[in-house]
Amino acid sequence: MKVIINVYDIQKACNQKGADSFGVGIYHSGIEICGLEYAYGGNSCMKQTGVYELMPQCHNAFTFKCKHELYDLDPKDFKTCRGGKLDF
């Protein structure tokens, strides 16, 4: 079971004007595991803040930029992984 970090451009126009080439910019990220992505911050669709879930690489406000595989978890560490819900 792979753990992936998905990175999004928050200010795509600014990042494309050169900030990106220097390794700086304004980004948002989410952690993808078991078919769902979890992120922290304001969520304009749900009109709330905190941790929320979304479909991987489909943020409603930011443009998907790239993904990085962080870790490969052993499924034996979890009882279930159904519908994106993990049970330890």
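**Fold and local features of the predicted chain**

In the protein chain, 54% of the contacts (heavy atoms within 4.5 Å) between residues at least 6 apart in sequence join residues at least 24 apart. The model is predicted: local features need pLDDT of at least 70, side-chain atom pairs count only at pLDDT 80 or more, and totals for chains, interfaces and linings use all residues. Residues are numbered from 1 along each chain as its sequence is written, and side-chain values use heavy atoms, with hydrogens and water left out.

The protein chain contains 1 helix and 7 strands, where helices (H or I, at least four residues) and strands (E, at least two) are DSSP runs numbered from the N terminus. The order of the elements from the N terminus is β-α-β-β-β-β-β-β. Of the 88 residues in the protein chain, 30% are buried; buried denotes under 20% relative accessible area, exposed over 50%, and partly exposed in between (1.4 Å probe, protein chains only).

His28 is located in strand E2 and is buried, its relative accessible area being 12%. Apart from neighbours within four places in sequence, His28 is in contact with Asn6, Val7, Tyr8, Ile10, Ala39, Tyr40, Tyr52, His59 and Phe62.

Cys34 counts as buried because its relative accessibility is 18%.
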